[in-house]
Every structure is written in structure tokens, then in C-alpha cells.
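Hi,

Here is the structure I promised to pass on. Have a look at it first, and my notes follow below.

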Amino acid sequence: MDLLLRLMYEFFKTGLFSVGGGLATLPFLYEMSEKTGWFSRYDVADMIAISECTPGAIGINMSTYAGFQTAGIPGGICASLGLALPSLIIIIVIAKFLNKFDENKYVQRAFYGLRPASIAMITGAGLNVAKVTLVDWNAATFDFLSSFPENLPLISFVKWPALILAVCLFVAMKKIKWHPVVFLAISAVIGILLRF
Amino acid sequence: MRELFDLYVAFFKIGCVAFGGGYAMLPILEKDLVKERGWTTMEKLTDYFAIGQCTPGIIALNVSTFIGYNKKGIPGALVATAGFLTGPVIIILLIAAFLSNFAHYPVVQYAFSGIRVCVCVLILQAILRLWNKSVVDPVSFVLYLVIFALAAGSQYLPVSVPAAVLVICAGIFGVLFGKTPDEMKKKEEP
């Protein structure tokens with residue numbers, strides 16, 4: 001019982017201080033690993049790998065996994081609850097505030113600034129995923145330096161199957177109004193068939 | 001009571017397919033919550049994402065909490081958030097207990113390479129959908145470029161600025177120099 005409470009507490013702290021995307025929890029997980037010895041740094045690497053392959057936010061997935069490693073199923077549940085609690089409270093407070101003040105000039109002006117910033121961050125996140133999926137870094141870094149400037153046409157750096165799939169998906173999603181889940185499933189199947 | 005149940009189920013379904021994290025979730029949220037159920041609008045969704053950037057916690061959870069709150073107050077917020085969490089928590093517990101090699105199976109890796117491509121496209125869609133409401137004039141476009149440059153280039157800068165700080169600065173910029181929707185409409189009328 002004591003362990004479960006400690007788990008919740010540690011993950012509550014993590015949830016409170018990791019702002020931004022899911023991997024923001026990473027430094028906290030490493031620190032937790034060292035401080036508590038509940039799981040090792042290798043476990044953290046496993047957590048990342050699995051979290052990327054499962055639905056849901058990476059932060060939650062990692063805390064569930066870490067909690068499970070530490071204290072089984074109750075541990076997984078407590079860790080996730082701990083992580084989710086701070087944002088739950090904070091967002092409820094903000095939502096109440098917004099409902100009262102959304103006609104307020106200053107709030108509206110703040111959003112004028114927040115919205116482009118938000119999209120800028122999303123663009124950054126998108127580029128990060130694109131970097132991994134669409135560019136063949138092994139080819140890029142090695143060949144680029146040794147065969148500049150012949151390699152200026154960046155043909156060998158692009159993972160063509162991925163790019164073609166991306167373009168097809170984009171067009172298909174515009175024309176066919178299926179639920180995005182269908183396209184996710186199709187992409188998974190294509191990934192398996194073509195051994196991405 | 002019925003509505004709380006619907007809320008839970010809706011977010012449970014979303015949580016089960018939320019691959020790629022918060023941003024890739026946007027087209028799914030749009031389809032389920034805006035188009036099919038009319039529970040919120042794209043404008044509000046944009047704002048929730050914006051706030052979710054600078055508050056602690058996971059964007060996907062924050063957005064769920066917002067929508068739940070606006071639907072049914074505090075119980076709604078709790079239910080929506082719990083709904084979103086349920087699927088992933090169960091899935092991870094199952095994998096951790098029985099399939100800890102899950103990530104190492106080639107089939108899984110191939111499948112997820114494919115899914116990641118789809119995630120890219122979903123994020124692109126999210127950007128395109130949010131663009132018109134977010135970057136409304138040259139000033140906001142410049143703000144977009146500046147924030148993007150600082151965020152993307154943070155590894156090359158001498159001091160790395162945390163994303164939350166950038167977003168909060170953007171908010172302050174907005175308060176000082178920004179325009180409200182009414183002010184922008186007035187500008188358009190001759």
C-alpha cells in the first residue's frame with residue numbers, strides 16, 4: 001500500500017512538472033529510476049519502444065508500464081492516475097476561468113498570440129515524425145558528406161515508399177471521408193506487407 | 001447520467017486509437033467530436049490545443065478534460081479523462097504482463113512504421129485544419145515563424161528555451177500587441 005502511494009506521489013510530481021509533449025516525462029523517469037530503483041534505464045528504453053507502438057499518449061503509456069514493473073497491475077493504475085491528476089485539476093480550473101472570461105479582451109488577445117505558437121509547435125512535432133519516417137538518415141549522413149555536390153538531387157535520402165504512401169494517404173483522406181482509424185489500419189497493413 | 005456514459009464511451013474509443021500522440025489525434029477528434037457529435041467546434045479545439053501546450057500534463061488528456069468539462073462540468077471532465085485513459089492503460093498492462101517482447105516482433109515494427117507515416121499525414125491535416133483560425137494576419141504569421149524557428153532550432157541555440165516558455169511568451173505578446181476577433185473584423189470593414 002505504501003509503495004502504491006509512493007508511486008502515485010512520484011508520478012504526480014512528474015505529471016505536474018512535465019510540460020509539453022509526452023517525452024517531456026523522460027528526464028523525470030530517469031531521475032525516478034535512479035532515486036527509487038523501481039526500474040532500470042533499460043526498462044525506460046523498453047517503455048519508450050512499447051509506448052510508441054500503442055495508442056494513447058506516450059506519457060501515460062510509460063507511467064503505466066513503469067508502474068506495472070514496480071507493483072503489478074495496481075502499480076500501473078496508480079502511476080497513471082498520479083500522472084493524470086495534476087493536469088486534470090489544472091485544466092478544470094482553467095476551463096472554469098475561461099468560461100467566465102472568454103469575452104474578456106485580454107484573454108482574446110492572448111489567444112491571438114497562443115494560436116500561432118501552438119501551430120508552430122505542432123509543425124515542429126510533425127517535422128520530427130517526418131524526419132524519422134520519410135528520410136533515410138543512414139544514406140543521408142554518410143553519402144552527403146562524401147559525395148557533395150553530386151548528391152544535391154536528394155533522391156537517395158528520401159524513403160520513397162514512405163513518401164508515396166504519405167502522399168496517397170493525404171489524397172485519399174481528402175477524397176474519402178472514412179474515419180481516420182481506417183487509414184491507420186490500412187497504413188499498418190501496408191507497413192507489414194511492404195516491410196517498412 | 002446517460003450523457004456521462006456517452007462521454008465516457010466516446011473518449012474510450014478515441015483513447016484506443018490515439019496513435020501518434022496528441023497532435024495526430026486532432027483529425028480523429030474533429031471527426032468524432034465536431035462533425036459527428038457537435039460537442040465542440042474547431043475554434044474551441046484550436047484553443048484547447050494552444051492551452052494544452054503550456055500547461056503541465058499530456059495534451060491529449062488536457063483536451064479530453066476541457067471537452068468533458070464543457071459538456072458536463074466537473075463530472076464530465078473526470079469521465080472524459082478516465083475514458084481516454086482506460087483503453088491505453090489496459091492495453092499497456094496486457095502487453096507488459098504477457099508480451100514484453102511486443103516491440104521486438106518484426107511484424108509489430110513493420111506495422112508501426114506504416115502507422116507512423118499515417119501519423120505524419122494526420123499531423124499535417126491538423127496543421128492545415130487549424131491554420132486559418134490560428135494564423136490570421138501577417139503579424140501572427142511572423143509570430144508563427146519565430147516560435148517555430150526557436151522551437152525547431154533549440155538544439156542549435158546556446159540556451160535552449162523550453163516550449164512552454166515560448167508559448168507563454170507568445171501569449172504575453174498577444175495580450176500586449178494582439179487583436180481581438182472584433183478588432184480584426186473592424187479592420188476588414190472599410
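To get your bearings, what pattern does chain B follow, read along the sequence? The answer is α-α-α-α-α-α-α-α. That is eight helices and zero strands for chain B. Please keep in mind that this is a predicted model. As for dimensions, the C-alpha atoms of chain B fill a box of roughly 65 × 50 × 25 Å along the principal axes.

Next, the place where the chains meet. Chain A puts 81 residues into the contact and chain B puts in 93 residues. Between them, chain A and chain B bury an area of about 7,900 Å². Carbon and sulfur atoms give 79% of that area.

How many salt bridges does the rule find across the interface of chain A and chain B? It finds one, while the count over all chains comes to nine. As a general point, side chains of opposite charge can pair when their charged atoms come close.

Polar contacts turn up at the interface of chain A and chain B too: the rule finds eight residue pairs there, with both residues at pLDDT 80 or more. On the side of chain A that touches chain B, the elements giving two or more residues are α1 (2–17), α3 (41–53), α4 (58–101), α5 (105–134), α7 (160–175) and α8 (180–194) of chain A. Which of these gives the largest share? That is α5(A), with 26 residues. Sorted by class, this side of chain A has 51 nonpolar, 22 polar and eight charged residues.

One more thing to look at is α4(A). If it were a straight helix of 44 residues, it would span 64 Å at 1.5 Å a residue. Instead, α4(A) spans only 32 Å between its end C-alpha atoms. Where does α4(A) bend? Go to A71(A), where the bend is about 145°. A proline, P74(A), follows within four residues of that point.

Cheers

How values were computed
Residues numbered from 1 in each chain as written. Chains lettered and ligands numbered in written order. Predicted model: local features only at pLDDT ≥ 70, side-chain atom pairs only at ≥ 80, totals over all residues. Heavy atoms only, no water. Contact = heavy atoms within 4.5 Å. Buried area = accessible area lost by both parts, 1.4 Å probe. Salt bridge = Lys/Arg side-chain N within 4 Å of Asp/Glu carboxyl O. Polar contact = N/O pair within 3.5 Å; in protein donor to acceptor, adjacent residues only side chain to side chain. Nonpolar A, V, L, I, M, F, W, Y, C, P; charged D, E, K, R; others polar. Expected span 1.5 Å × (residues − 1). Bend = angle between axes of the 7 residues up to and from the residue.
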